[in-house]
Amino acid sequence: MDDHSSSQKRPRTDGPPWDHRKKDHSNPNRDVKATGQTGHPGRILFVSVLLCAACFVLSLLAGPAGLLDLRNPTMQTILLHMRLPRALGSLLAGSALAVSGALIQTVLNNPLASANLIGINSAAGFFTILAGILFPTMVGLPSIAGFFGAMLCAGMILLLIWKKQASKLTIILAGLAISQVFSAGIDLLTVIVPDALSGYASFKIGSLASISLSKVGYGAILILPALALAIFCSRQLEMFSLGALQSKALGFPIRRWTVIFLALAALLSAGTVSFCGMLGFVGLIVPAWLRRFHLSVKTYLLECLLCGAMLVCLADVLGRVILIPWELPAGLLLALAGGPYFLYLLLGRRNLDA
C-alpha cells in the first residue's frame, strides 16, 4: 500500500486541542467524548494558578542584587521600581502571547502558526516604532498603530487563505516572508533615525529590562479586555473544530468570527510589543504543548494564559541570574527554546501540506 492511500485511512490528529470527540456509530448525529481527556479541569487550573503565583513571587525575590530584604530601603526601591514592573510585565506578556497563539492556531487550523511566525509581531513592531518616531509626544499612539499594523498583517494572511486556498506550509512560509519585510523596515528606520532607536536591539529580541509600571499599564489597557473577550467567546471559538462547511451549515458566521478572533490576537500582540518588544515563540510553544492534553476550549485558553505567563516569567528570572553580572534578555532564552521546538513540530507533521 503506498503512502498516499495509507494517509487517507489514518485518522486526523491536527484538529483543535479540544477536538477530543469520536463518533457514536449507533447514532451518527451524536458525538461522545473520548475517554482520554486529561484530569479534572478545576484541579488542573488550581495547580496552574499556584505555580503561576510561585513564579511571580520568585520574580520579585530573585535577581542580581540577591534575595530581597524588605527592611533595607534600597531593596524596597529595587522591589517597587525594578522587580515589580518586570514581574507584572512578564505575566501580562506571557499570557497575551500564549492566548494570541491559541487563537491564531485555532482559527487558521494550523498548529505551527503563531504571531511571530506569520509576521504579526514584526508588523506591530514596525508600526509601533514608526508612530513613536513620527509622533514622539503622543504616548498612546504607538500601541494603537501597532494594533493596526498587526491587523494589516492578519488581513494579508486571511486574503492568502480565502482567495488562494493556501496550504498550511504556504501560510507559514508567506508569514515568514511578511515578517522579514517588516523586520527589514525596522532596520531601515534604525539607519534613518538612529538616535530615536537607542534600545532597538532589546526591542527586537524582546526584553523586560527597561519596563516601568506606566508602560505595563498602557499595555494592560489593550491586553486585559482582549483576554477577557477571548475567554468569554470560547463557545464561538469551539465552532471552528467542526470545519468551515459544517459550521456554515449550522448557520455559524465563520468569516466574521475569524476576523474577530484575529483582531483579538492582533490586539494581544500589539499590547505586548508596546512595552517589552517582539518576544517570540511563546505563542507557539505553549498552545502546541497544551494540545496533547485534550482540554475543553475554555480550560485550554485559561491554561494557555497561565502557562504562557509562567514561561515568560521564568525566562526573565533565568536571564537575570544565569550569567551575573550580565543579563540575558528573556526573548533570547525563549528563542533558544522555541527554535528547536518549532523544528520538532515541523518535522513531526506528516500532513502539513494538507
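What share of contacts between residues at least 6 apart in sequence join residues at least 24 apart? In this chain, the share is 76%. The legends below describe close-up views of a predicted model.

Figure 1. The chain has 354 residues, and buried residues make up 49% of them.

**Figure 2. Helix H3 covers residues 73–108.** At 1.5 Å a residue, its 36 residues should span 52 Å. The C-alpha atoms at its ends are 51 Å apart, which agrees with that expectation. H3 also has a kink of about 40°, centred on Leu79. Of the 36 residues in H3, 26 are buried, so the helix is largely enclosed by the rest of the structure. Asn109 follows H3. The phi of Asn109 is positive, near 50°.

**Figure 3. The largest nonpolar core contains 94 residues.** Five residues have the most contacts inside this core: Leu103, Ile104, Leu108, Phe261 and Phe275. Helix H11, residues 254–276, gives the most to the core, with 13 residues. Look next at Leu103. Setting aside residues up to four places away in sequence, Leu103 touches Ala230, Leu237, Phe261, Leu264, Ala265, Leu268 and Leu301.

**Figure 4. Asp316 and Arg86 form a salt bridge.** Side chains of opposite charge can pair when their charged atoms come close. In the pair of Asp316 and Arg86, the closest N and O atoms are 2.6 Å apart. Asp316 sits in helix H13, residues 297–321, while Arg86 belongs to helix H3, so the pair ties together parts that are 230 residues apart in sequence. Are Asp316 and Arg86 buried or exposed? Both Asp316 and Arg86 are buried.

**Figure 5. Asp316 also meets Arg320 in a salt bridge.** The N to O distance here is 3.0 Å. Asp316 and Arg320 are four residues apart in helix H13, so about one helical turn separates them. Arg320 is buried, as is Asp316.

**Figure 6. Lys204 and Asp187 form another of the four salt bridges in the structure.** The closest N and O atoms of Lys204 and Asp187 are 3.5 Å apart. Lys204 lies in helix H7, residues 200–205, and Asp187 in helix H6, residues 168–192, so this pair ties together parts that are 17 residues apart in sequence. Lys204 is partly exposed, with a relative accessible area of 31%. Asp187 is partly exposed too, with a relative accessible area of 30%.

**Figure 7. Ser234 is found in helix H9.** This helix covers residues 234–238. Is Ser234 buried or exposed? Its relative accessible area is 3%. Buried means under 20%, so Ser234 counts as buried. Which residues does Ser234 contact, leaving aside its neighbours within four places in sequence? Ser234 is in contact with Val297, Lys298 and Leu301. Leu301 is also among the residues that Leu103 touches.

Conventions: Residues are numbered from 1 along each chain as its sequence is written. This is a predicted model: local features need pLDDT of at least 70, side-chain atom pairs count only at pLDDT 80 or more; totals for chains, interfaces and linings use all residues. Side-chain values use heavy atoms; hydrogens and water are left out. Helices (H or I, at least four residues) and strands (E, at least two) are DSSP runs, numbered from the N terminus. The expected span of a helix is 1.5 Å times one less than its number of residues. The bend at a residue is the angle between axes fitted to the seven residues ending there and the seven starting there. Buried means under 20% relative accessible area, exposed over 50%, partly exposed in between (1.4 Å probe, protein chains only). A nonpolar core is a set of buried Ala, Val, Leu, Ile, Met, Phe, Trp, Tyr and Cys residues joined through side-chain atoms within 4.5 Å. Contact means heavy atoms within 4.5 Å. A salt bridge is a side-chain nitrogen of Lys or Arg within 4 Å of a carboxyl oxygen of Asp or Glu.
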